[in-house]
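Me: I am new to this structure. Please show me how to read it, one feature at a time.

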Amino acid sequence: MSGLPAAVESWFDARGWQPRRHQLDMLELARRGRSGLLVAATGAGKTLAGFLPTICDLAERPSEGLHTLYVSPLKALAVDVQRNLIGPIEEMALPIRVETRTGDTPSDRKARQRARPPQILLTTPESLSLLLSYPDSATLFENLTTIVVDEIHAFAKEKRGDLLSLSLSRLQALRPELRRVGLSATISDPDAYRSWLAPDADIDAVDLVTGEPGADPDLSILIPENRIPWGGHSGRHAAREVMRLIERHRTTLVFCNTRSLAELIFQELWTANDDALPIGVHHGSLSLEARRKVEAAMAAGKLRALVCTASLDLGIDWGDVDLVVQMGAPKGSSRLLQRIGRANHRLDEPSRGMIVPGNRFEYLEARAALDAVEARELDPEIFRPGTLDVLAQHILGVACAGPFDEKVLLDEVRGAAPYAALTEEVWRRVLDYIATGGYSLRAYDKFKRLTEFAPGQWRVTKPAVVAQHRLNAGVIVDNPMMDVRFLNGRTLGRVEEGFGSTLSVGDHIFFAGLSLEVTRFQDTDIVVRASSKQARLVTYGGQRMSMSTHLADRVRAFLADNRDWHRFPDDVREWLEIQAKRSILPQPDHLLVETFPFEGRHYMVAYSFEGWNAHQSLGMLITRRMETAGLKPLGFVANDYGLAAYSLEPVTDPRPLFSADILEHEFVEWVEQSHLLKRAFREVAVIGGLVERQHPGKRKSGKQVSFSTDLIYDVLRKYEPEHLLLRAAWDDARGRMTELGRLARLVERAEATMVHVSAERVTPLAIPLMVVIGREALPPGAAADESLLLQAEALAQEAMTV
């Protein structure tokens with residue numbers, strides 16, 4: 001361990017530890033002033049590797065002022081790292097202060113941190129951006145040596161990554177010698193991240209350090225009584241078996257893909273919890289107090305299980321977790337590996353994980369994910385250019401810190417990888433938008449936020465602009481929310497306004513693991529009291545996770561090649577064998593479309609495996625075409641594996657319905673008329689600062705924000721369809737909301753390779769989608785589930801008869 005300061009070396013010796021190779025590599029990089037990207041398995045000591053150079057430097061050369069910034073995608077992660085970092089620093093008896101700064105940090109502490117910063121500050125992209133908006137930011141960061149970006153894969157490709165990349169560029173301008181460090185466990189293309197992390201996207205400026213591979217994870221698929229349901233995606237059928245697993249392990253994390261599912265699975269597990277073991281629930285819509293309480297209970301070893309969502313995907317280090325259960329399909333091998341890595345959190349011990357598939361297609365996806373993890377194949381990395389709404393927010397933030405020269409700032413912005421190709425023409429449009437609101441809004445003073453006081457020199461128009469920016473900055477735009485609270489004022493969390501508006505006094509909901517009765521509504525609050533009655537599940541809108549493209553490719557390969565089928569449970573193997581006899585199985589390079597009659601309707605099912613978002617978009621477009629063709633469509637349903645449309649008239653030739661020109665004509669018309677573009681515009685208008693979420697001392701309700709954005713949206717659509725934010729909304733609608741890229745591949749494949757099978761009755765492969773149609777026709781509840789079981793069995797009897 002030569003080269004380590006005495007205090008640090010003694011700390012390792014006292015534990016009988018040796019620093020790992022990659023930790024020493026990161027230290028050596030720092031001593032040469034080099035930036036680095038560390039890719040190392042969960043449990044390999046990545047966080048220590050990121051901080052070891054800072055600890056060693058401050059041990060050898062103690063100093064005051066901000067030395068190292070640590071940026072995390074999650075507030076909870078920053079708090080967890082602070083707890084785990086302060087311990088070793090205190091044990092080394094080093095005079096190093098470590099503090100966190102997030103949206104939850106009290107304002108008096110934030111003010112103190114700027115006046116007397118700690119040596120190490122743990123923060124989020126949004127809080128860093130706000131720090132840079134203060135006139136004293138140059139002084140605050142004058143001694144900054146290193147910025148560590150943890151879990152870099154979690155946000156580099158998103159809008160939060162755009163904001164952070166711009167902040168990195170600003171910091172580099174303030175501190176040219178600044179070192180950049182990235183940490184991750186799950187990256188398939190390290191070079192893409194090195195480029196993203198580097199100043200001016202110069203990949204050679206960031207060295208790659210790879211950690212030792214950890215023990216292979218111990219993964220399996222849970223199949224109760226060797227039977228997998230026809231429909232559903234929750235895995236709730238296995239609740240009793242999952243509870244038995246919880247009983248046999250010290251601590252279990254039960255991951256769910258949505259907040260609603262987490263609430264549902266918690267209720268199912270609680271019903272099966274015969275021994276009344278302590279279990280909890282954790283997701284992003286619960287109050288901060290509720291989440292912190294659960295996190296503290298987990299850290300203290302007081303919980304036997306925690307049902308959670310992506311809110312705990314990353315980094316929180318609970319060493320006693322010895323099992324991770326994934327309810328429903330994992331959607332990607334990287335995500336699965338990240339979640340499974342929460343078990344044991346030690347490099348030399350295998351993490352134990354179990355997937356509970358919700359239906360038979362999900363079994364194939366789970367098997368594909370296990371094979372991908374075994375082959376160390378991670379999800380592909382898809383980067384895109386930086387968004388203009390985030391750029392507008394950043395420019396205004398820079399102006400809040402003081403006047404700027406547009407040419408100097410443009411060079412600085414181009415130093416951020418997502419904006420490297422930004423043209424001068426687009427740059428001028430963004431400046432004009434911030435200065436005037438755009439051609440259609442020039443007459444309104446409230447949209448004049450920047451003033452050009454000399455050629456190429458800009459400043460904010462008035463102090464109120466600065467206050468409004470700091471109140472409203474950020475790139476996470478939730479749907480309008482309502483607080484759920486008890487009469488005594490204790491807040492449990494938030495539900496979306498759309499769901500809240502469907503409730504009445506006396507209704508019962510499951511939320512925060514409790515059955516609650518609605519007692520009254522007060523402003524944007526739903527006041528509740530505890531109840532013991534059956535309740536409705538809280539539902540949330542937003543994007544669903546789609547199955548990754550490489551898992552989809554593996555599922556297609558399973559269907560096409562029966563040599564793998566011996567690994568499948570009997571009922572899955574029988575399902576595929578009878579499909580092969582009754583119809584055909586989709587081939588990897590074909591698009592199979594089946595048509596058949598059922599109970600007086602005509603059905604068309606396409607097995608395209610391009611994910612829920614692409615299928616949902618295509619379903620909307622195809623039913624419009626069916627209407628035009630006189631087929632009298634009644635509706636459609638979609639999942640990750642395909643879509644089913646049903647109508648009163650039969651589809652005799654599906655090819656014209658899937659022709660590629662659907663993306664030129666119907667797609668544009670549909671997006672413009674649907675809620676999608678409005679929803680996307682609302683988000684970019686808030687991020688781009690056109691509409692404020694809050695004023696000093698007062699937060700706007702979701703309805704007020706929506707009303708403001710809808711008014712402006714209608715004006716711009718009519719008078720300025722090329723407005724910067726409309727363009728940004730279109731980019732969002734194409735990329736994120738409709739997954740246009742996957743949709744385009746789907747129609748391209750349809751045109752060239754469609755295989756149409758006209759069957760005389762329901763086919764086995766169609767049953768999981770047919771069950772979804774049955775579910776949509778029934779109100780939620782136990783009676784509906786019972787009815788669906790009967791319906792699925794009747795369908796199966798018809799479909800599986802050869």
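Me: Where do I start? How far can I trust what I see, and what is the mean pLDDT of the protein chain?

Reply: Start with confidence. This is a predicted model. The protein chain has a mean pLDDT of 88. Of its residues, 94% reach 70 or more.

Me: Where does pLDDT stay under 50?

Reply: Look at residues 776-784. There pLDDT stays under 50, and the model has 6 contacts beyond four places in sequence for this stretch.

Me: Next, the overall build. How many helices and strands are there in the protein chain?

Reply: The protein chain holds 29 helices and 29 strands. Its radius of gyration is 27 Å, close to the 28 Å that the globule rule gives for 802 residues, so the chain is as compact as a globular protein of that length. Along the principal axes, the C-alpha trace spans about 80 × 70 × 55 Å.

Me: What share of the contacts joins residues 24 or more positions apart?

Reply: Take the contacts with a separation of 6 or more. Residues 24 or more positions apart account for 74% of them.

Me: Now a sheet. In what order do the strands of the 7-stranded open sheet lie?

Reply: The order is β3-β4-β2-β5-β6-β1-β7, and the pairing is parallel. The edges are β3 (98-101) and β7 (206-210), each of which pairs on one side only. Neighbouring strands are turned by 20° against each other on average, direction ignored.

Me: How many bridges join β3 to β4?

Reply: Count 4 bridges between β3 and β4 (residues 120-123), which run parallel. For one example, find Glu 99: its bridge partner in β4 is Leu 121.

Me: Which strands does helix α3 lie across?

Reply: Helix α3 (residues 46-60) lies across β1 (35-39), β2 (68-71), β4, β5 (146-149) and β6 (179-184). It runs at about 165° to β6. Helix α9 (residues 190-197) also packs on the sheet, where it touches β1, β5, β6 and β7. The direction of α9 makes about 140° with that of β7.

Me: Which way do the side chains of a strand point?

Reply: In a regular strand, side chains alternate between the two faces of the sheet. See strand β10 (residues 279-282). Ile 279 and Val 281 point one way, while Gly 280 and His 282 point the other way. All are buried. β10 pairs in the parallel sense with strand β11 (residues 305-308), over 4 bridges. Val 281 has Val 307 as its bridge partner in β11.

Me: Now single residues. Is Asp 571 buried or exposed?

Reply: Check its accessibility against the cut-off. Asp 571 has 5% relative accessibility, so it counts as buried. This residue lies in helix α21 (residues 570-582). Leave out residues up to four places away in sequence, and Asp 571 touches Asn 226, Arg 227, Ile 228 and Arg 360.

Me: Which residues does Glu 289 touch, not counting residues up to four places away in sequence?

Reply: Glu 289 touches Arg 490 and Thr 491. You will find Glu 289 in helix α12 (residues 288-299). Glu 289 and Arg 15 are 274 residues apart in sequence, and their C-alpha atoms are 34 Å apart.

Definitions and conventions
Residues numbered from 1 in each chain as written. Heavy atoms only, no water. pLDDT = per-residue confidence, 0-100. Contact = heavy atoms within 4.5 Å. Pairing = 2+ DSSP bridges. Helix = DSSP H or I, 4+ residues; strand = E, 2+ residues; numbered from the N terminus. Axes fitted to C-alpha atoms, helices over the stretch in contact; angles between N-to-C directions. Rg over C-alpha atoms; globule rule 2.2 N^0.38 Å. Buried < 20%, exposed > 50% of the residue type's maximum accessible area, 1.4 Å probe, protein only.
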